[in-house]
Amino acid sequence: MTLFEIINKLKNIAISKPNINYVGDGDVYTLNSLPNIDYSVFFITQNDHSIYQDTITYSLNLFYIDKISDSEDNTLNIQSDGMLQLTNIINALVFSEDVDVDGEISFTPFIQRFADQCAGIYCNVRFTVENNLGTCSYD
């Protein structure tokens, strides 16, 4: 499975969830330029990827972001829901494809001003897949 395929599968899984209304990848701060975004948001950013013999490991940050209410009393709820949503998206990918999670998944809550005042949670996940391409080596 290629990087393109894994990111698109994650986005397709996320957009099929009832409370996720926007998915994206790349620079999460592009959300600053979307003033009329329909929350909740699922977003993917990339880290370093590696190939080792017969496997490829893709390191991705998965974000769940939602707008904080005017009373600012929903921050913890957003972060809690986000942790569940991200876990469900990861599980859906792992159970439907030949993909494994490498190592633990740690979640980091945040509050961030994008186009709106938002709260959310993100996790770093290392997905390992079979390497069908092989690696180049010289003797």
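Trainee: Which residue forms a salt bridge with Asp 116?
Mentor: Lys 67 does, and the closest N and O atoms of the pair are 3.9 Å apart. The pair links distant parts of the chain, 49 residues apart: Asp 116 is in the loop between strand S6 (106–113) and strand S7 (117–130), while Lys 67 is in strand S4 (residues 55–67). A salt bridge here is a side-chain nitrogen of Lys or Arg within 4 Å of a carboxyl oxygen of Asp or Glu. Please bear in mind that this is a predicted model, in which local features need pLDDT of at least 70, side-chain atom pairs count only at pLDDT 80 or more, and totals for chains, interfaces and linings use all residues. Residues are numbered from 1 along each chain as its sequence is written, and side-chain values use heavy atoms, with hydrogens and water left out.

Trainee: Is Asp 116 buried or exposed?
Mentor: Asp 116 counts as buried, because its relative accessibility is 14%. Lys 67 is partly exposed, at 40%. The cut-offs are under 20% relative accessible area for buried, over 50% for exposed, and partly exposed in between, with a 1.4 Å probe and protein chains only.

Trainee: How many salt bridges are there in the whole structure?
Mentor: A search finds four. One of them joins Lys 9 and Glu 97, with the closest N and O atoms 3.3 Å apart. Lys 9 lies in helix H1 (residues 3–15) and Glu 97 in the loop between helix H2 (75–96) and S5, so this pair ties together parts that are 88 residues apart in sequence. Lys 9 is partly exposed at 30%, and Glu 97 is partly exposed at 28%.

Trainee: Which residue meets Arg 126 in a salt bridge?
Mentor: That is Asp 102, at 3.3 Å from N to O. Arg 126 lies in strand S7 and Asp 102 in the loop between S5 and S6, so the pair ties together parts 24 residues apart in sequence. Arg 126 is partly exposed at 31%, and Asp 102 is partly exposed at 33%.

Trainee: What else is Arg 126 in contact with?
Mentor: Leaving aside neighbours within four places in sequence, its contacts (heavy atoms within 4.5 Å) include Ser 50, Thr 57, Tyr 58, Asp 100 and Val 101. The C-alpha atoms of Arg 126 and Thr 57 are separated by 6.2 Å, although the two residues are 69 apart along the chain.

Trainee: Where is Asp 100?
Mentor: Asp 100 is in strand S5 (residues 99–101). Asp 100 counts as partly exposed, at 49% relative accessibility.

Trainee: Let me change topic. How many helices and strands does the protein have?
Mentor: There are two helices and seven strands, in the order α-β-β-β-β-α-β-β-β from the N terminus. Both kinds of element are DSSP runs numbered from the N terminus: helices are H or I with at least four residues, and strands are E with at least two.

Trainee: What does the C-alpha trace span?
Mentor: Along its principal axes, the C-alpha trace spans about 65 × 30 × 25 Å. Of the 139 residues, 39% count as buried. Among contacts between residues at least 6 apart in sequence, 61% join residues at least 24 apart.
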